[in-house]
Amino acid sequence: MATTPERLIQVLQSSQVQLLADWIKALRAVHKTRSATISDPELQAQCQEFIALTSAAIASNDLEDTDAEPWRPVKDFLAGVSRSRSRQGFSPSETAMFVMSFKEPLFAMLRRTREGIDDGKLLADVWEASRLLDKLALYTTEIHQAAREEVIRRQGEEMLELSTPVIQLWDGILALPLIGTLDSARTQVVMESLLQQIVATRSPIAILDITGVPTVDTLTAQHLLKTVAATRLMGAECIISGIRPQIAQTIVHLGVSLGDIVTKASLADAFRIALAKLGQSIAKG
Amino acid sequence: MTPAIADPARPVLRVDIVENEDVVVVRQRAREQAHRAGFSLLETTKLVTAASELARNTLEHGGGGYAEIEICTDGIRRGVRMRFVDEGPGIPDVELAMRDGYTTGKGLGLGLGGSRRLVSELEVQTTPGHGTRITAIRWK
Amino acid sequence: MDRIPILRMGRTLLVTVQVDMHDQLAVRLLDDLTSMITRTHARGVLIDISALDMVDSFIGRMIADIAATSRILDAQTVVVGMQPAVAITLVELGMALPGVRTALDVERGMELLGDPRDR
């Protein structure tokens, strides 16, 4: 067997039982201090899967580029393992140890197969294998990190929904007090929530109160305009209240046109206007 | 475009776009995949609408072709990837085709600019005289 | 040939869109409405899209065309029941449909159409 990949595959396949046993033993030592741990059958299955997928990928003869197509199944599998570890509360290091702790069993086995032969190939094989496993271990840490960030982002969104309640001021009039900066994620959540409430309560008028919004930039203004436009398409109408002088100046300065959107300085004025608008249709009926 | 791998457990839904009614079929398939990927109602609506726009382009400007819709992942997120392929005249100026007036909705009628806003990633591969291949991915 | 049925209620034409429309069906609707407005001297058109879970740029343009054409024929059009997700998506597409009157539901739509001050 002339190449490192060929020798690696040979070891992985012929010594799989021993490799698995040693690897799982090493992993158990790492997990020793954890309260929640992974069941034996599950760990066994994960290790076996890793060896199988990695052997297949090594057969492509490229140990260097783990971003290439042959390594996709391995990475996909590791991503799954990593996300699961993250969910169970494993630290990034503990997650990386899944791959890292495979090094010693593998090197020990490589050493054994080249016992008595001194041709420098052992060093080359160990080196290549080490670099490969390092890359895969680092990948698991990245996924772990991304998974954590995803959870935080989702929790943030859920908190947003709770912190921007839509209030029913009157029969047919909703109010949405917006607080803080209106970044993209927040505004989208808010927009959806308001529109759903308009349908649920059959309210033709929604008052967007921006008293609690310190500054308005182009993006925020655009989001507000989009909310107003979507509301109109549904058959309802938005009134914007609580525009402070500074915000009014900023809006003009940004060149944003509010068109014929009704704006009022105070929520009370907006409410009065809303009642009047409803009053027209009530008197008619 | 983010390297995305297909989900081996899910099918690739292919729709030949030859006549008007096929655009409706494309919408239905996109809706199915969105459901499989766990998209919210709004995410689904945006995806299906983009699918409709792009399918129409394939039919009207590309002279017909096909669409392939599948679930994909980049290791962290799940998404739906749609490919629209035709062997039509191609798009001579992609930048121009992407541009449209936001407030008026006018453009070259190609719907590309609008579609781009509805998805996470949009890539256009086109050769004038040889056809167009549009890939759109919406991540959850 | 399939078409979307148009109901006549006095001087108002009522259309309830309940199918996923392909382009030709939408164009046929415009044609049918146009001839029916003329034939029945209708003064109002109510389009109920509460069952539509997708409106793309073509259908959006058709709706705008129906409103514009009706107006020329001296009839008012009101579109009712647009779903939130559809509204958000249309806005994102860049279609705010400024020339189209809207209402939350059929009841309010009929109120709008029946208001003599709006003629």
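In chain A, five strands line up as E1-E2-E3-E4-E5 in an open sheet with mixed pairing. Strands here are DSSP runs of E with at least two residues, helices are runs of H or I with at least four, and both are numbered from the N terminus. Two strands count as paired if DSSP finds at least two bridges between them. This is a predicted model, in which local features need pLDDT of at least 70, side-chain atom pairs count only at pLDDT 80 or more, and totals for chains, interfaces and linings use all residues. Residues are numbered from 1 along each chain as its sequence is written, while chains are lettered from A and ligands numbered from 1 in the order in which they are written.

**The chain A sheet**

At the edges sit strand E1 (167–170) and strand E5 (262–264) of chain A, each pairing on one side only. Neighbouring strands are turned by 30 degrees against each other on average, direction ignored. Such angles run from 0 to 180 degrees between N-to-C directions, with axes as lines fitted to C-alpha atoms, for helices over the stretch in contact.

E1(A) runs antiparallel to strand E2 (residues 173–179) of chain A, and three bridges join them. Gln168(A) has Leu174(A) in E2(A) as its bridge partner. Helix H9 (residues 218–234) of chain A packs on this sheet, touching strand E3 (205–212) and strand E4 (237–241) of chain A. The direction of H9(A) makes about 150 degrees with that of E4(A). Touching, or being in contact, means that the C-beta atoms of two residues, placed from the backbone, lie within 7 Å.

**The chain C sheet**

Chain C also has an open sheet of five strands, in the order E1-E2-E3-E4-E5 and with mixed pairing. Strand E1 (6–9) and strand E5 (101–103) of chain C each have a single partner strand, so one side of each is left without a neighbour in the sheet. The twist averages 25 degrees from one strand to the next.

E1(C) and E2(C) run antiparallel, joined by four bridges. They form a hairpin with two residues between them, and Gly10(C) in the turn has a positive phi of about 70 degrees. On the other pairing, strand E2 (residues 12–16) of chain C runs parallel to strand E3 (residues 44–48) of chain C, with five bridges. Here are some of the residues that stand opposite each other:

| Residue | Stands opposite | Strand of the second residue |
|---|---|---|
| Ile6(C) | Val15(C) | E2(C) |
| Leu7(C) | Leu14(C) | E2(C) |
| Leu13(C) | Val45(C) | E3(C) |
| Val15(C) | Ile47(C) | E3(C) |

**Where the chains meet**

Chain A puts 17 residues in contact with 16 residues of chain C. On the chain A side, helix H8 (184–201), H9 and helix H11 (267–284) each supply at least two residues. H9(A) gives the most, with six residues. By class, that side has nine nonpolar, three polar and five charged residues. Nonpolar covers Ala, Val, Leu, Ile, Met, Phe, Trp, Tyr, Cys and Pro; charged covers Asp, Glu, Lys and Arg; the others, Gly among them, are polar.

The contact between chains B and C takes 23 residues from chain B and 18 residues from chain C. H2(B) supplies the largest share of the chain B side, nine residues. That side divides into seven nonpolar, nine polar and seven charged residues.

**The core**

Of the 104 residues in the largest nonpolar core, Ala206(A), Ile207(A) and Ala87(C) touch the most other members. Helix H2 (residues 41–60) of chain B brings the largest share of this core, eight residues. A nonpolar core is a set of buried Ala, Val, Leu, Ile, Met, Phe, Trp, Tyr and Cys residues joined through C-beta atoms within 7 Å. Buried means 20 or more other C-beta atoms within 10 Å of a residue's own, exposed means 12 or fewer, and partly exposed lies in between, with C-beta atoms placed from the backbone.

Leaving out residues up to four places away in sequence, Ala87(C) touches Leu195(A), Ala230(A), Leu233(A), Met234(A) and Met82(C). A second, separate core of 27 residues includes Ala57(A), Ala129(A), Ala137(A) and Tyr139(A).

**Confidence in chain B**

Chain B averages a pLDDT of 86, and 90% of its residues score at least 70; pLDDT is the predictor's confidence in each residue, from 0 to 100. Over residues 101–108 of chain B, pLDDT stays under 50.
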